[in-house]
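Please have the sequence and the model open while reading this note. The points below can be checked one by one.

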Amino acid sequence: MTESAGNKNEDCHAANGVKPGRNGMVKNHHHHHHQYQKQDKVYHAACNGELYSRPFIESFEETPMLVAVLTYMGYGILTIFGYLRDFMREWKIEKCHIAREREEQKDFVSLYQDFENFYTRNLYMRIRDSWNRPICSVPGATFDLVERSSNDYNWTFEYTGRVVKDVINLGSYNYLGFAENTGACATAAGEVTVKFGVGVASTRQEMGNLDKHEELEKLAASFLGVESAMAFGMGFATNSMNIPALAGKGCLILSDELNHASLVLGARLSGSTIRVFKHNNMQSLEKLLRDAIAHGQPRTHRPWKKILILVEGIYSMEGSIIRLPEVIALKKKYKAYLYLDEAHSIGALGPNGRGVVEYFGLDPKDVDVMMGTFTKSFGAAGGYIGGRKDLIDYLRTHSHSAIYATSMSLPVVEQIITSMKCIMGKDGTTIGRSRIQRLAENTVYFRRRLREMGFIIYGNNDSPVVPMMLYMPAKIGAFGREMLKRNIGVVVVGFPATPIIESRARFCISAAHTKEMLDR
């Protein structure tokens, strides 16, 4: 955030009767907030202070100059050596493992674009052992890892036959610790498997609609606080198949630049015009909305049939939380529709785990389409869409993933029902509530400790997804391997999932983690 923006914010906070503290941090009489970063750029609640009931702190510290220069140098050296390697492979000096065109097919259009695979050949292959690691236990707070080794720099792997026991799991989106094979959920799913079997083998519209499906949808609707809800067998398809049912030609989709691939695919499949706004930037979104209403459709200048804003609750690579109060204010002001993807925030945010809407204390009716997945906090599979009854009835008859897809497997449905009842406290225990609290405590504690150790951590203080910046290409593999030596399993992320100089490690905190695990 530039200095001038900071000053403008100070003026506006003064206008709201709020005194800005150091860093332009909002300090008002009710909240005393300790700041960990000295030179951080702190993003804060915009001028409309009355939208937020508590300080909204997200920090994205800028890359130190030296680190950026060294990172670029690292990629430069890699590129030079990559070309040298490719040259040696071409002249058969170095053994070539790459997928190649057959000699007799050289007149066809080439299958492999050589340059596109440059990164894969020369960087990804070298550190490929950090990904796709096979595990052989439940992905709970700890898991067992199948050990593998490679004699040709990760082009091929062999299994050593050994198992690495009790690796601390910082990679699964198991926010509430429901991915387990003991306990109420597992028992209930087991009983349902014995009674109903595993597959339904038909679509919902034909023979595949069971009472369990209806029960799940009623429960989900009451959990979300919406009129009606609908469940789908796959989280990714919930986005990619339903956005085309909601928007089409002559519609405008405004999408956050960091939206998940499933939202991007859904928007593209819909055939709508897509415009992208800067991540979580309300000025950028407002400008697009204004232009859309002022200019209408290209060439004809007719008004857009509808304008749909696509955002996520928690962004899983940034650890940032959507500025929902401001998005809703803009949506109402410009009469647009809002599609909220709560894949990472449902179950993980809010005092009762009802996601980002509850976290900000807003009304679920203000969000037109509430979408989320059952794959993360509920430890199951599939996704849902919640909203007004007429919207859900429309989707039941028009959504591809409802008409053509086999209905959800019943043990999976039972896992969701049991875990959701547990979160809601309908199982007569306080297990669900204590898990939500433990997740929140673990998140704040883990982020604070990493900051104190001097790491650059992205995102919101309350987000259980914690990206820790690595930057340099050599660190991506090194960090993953070193952590594994210490029996800690982490996810490292590089290009193309992040910008090329913003490699990071991403920790996912779970309620199943104990304080000792986090300390270690």
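Is His 301 buried or exposed? His 301 is exposed, at a relative accessible area of 53% (exposed means over 50%, buried under 20%, partly exposed in between, with a 1.4 Å probe and protein chains only).

1. Basis. This is a predicted model, in which local features need pLDDT of at least 70, side-chain atom pairs count only at pLDDT 80 or more, and totals for chains, interfaces and linings use all residues. Residues are numbered from 1 along each chain as its sequence is written, and side-chain values use heavy atoms, with hydrogens and water left out.

2. His 301. This residue is found in the loop between α8 (282–295) and β10 (307–312). Helices (H or I, at least four residues) and strands (E, at least two) are DSSP runs, numbered from the N terminus. Phi of His 301 is near 60°, a positive value in a residue other than glycine.

3. Tyr 471. Here too phi is positive, about 70°, although Tyr 471 is not a glycine. Tyr 471 is found in strand β17 and counts as buried, at 4% relative accessibility.

4. The sheet with β17. Three strands form an open sheet in the order β17-β20-β19, with antiparallel pairing (two strands pair if DSSP finds at least two bridges between them). The edge strands, each pairing on one side only, are β17 (465–471) and β19 (491–493). Neighbouring strands of this sheet are turned by 25° against each other on average, direction ignored.

5. β17 and its partner. Six bridges join β17 to strand β20 (residues 503–508) in the antiparallel sense. Pro 467 stands opposite Arg 506 in β20. Helix α14 (residues 431–452) lies across β17 and β20 and runs at about 20° to β17.

6. α6 and α7. Helix α6 (residues 235–246) packs with helix α7 (residues 261–270) at an angle of about 25°, and their axes are 7 Å apart. Axes are lines fitted to C-alpha atoms, for helices over the stretch in contact, and angles run from 0 to 180 degrees between N-to-C directions. The angle makes α6 roughly parallel to α7 (under 35 degrees; over 145 is roughly antiparallel, 65 to 115 roughly perpendicular, the rest oblique).

7. The contact of α6 with α7. Residues of α6 that meet α7 include Phe 236, Met 241 and Ile 243, and among those met in α7 are Leu 263, Leu 265 and Leu 269 (contact means heavy atoms within 4.5 Å). The residues of this contact divide into nine nonpolar, five polar and no charged (Ala, Val, Leu, Ile, Met, Phe, Trp, Tyr, Cys and Pro count as nonpolar, Asp, Glu, Lys and Arg as charged, and the others, Gly among them, as polar).
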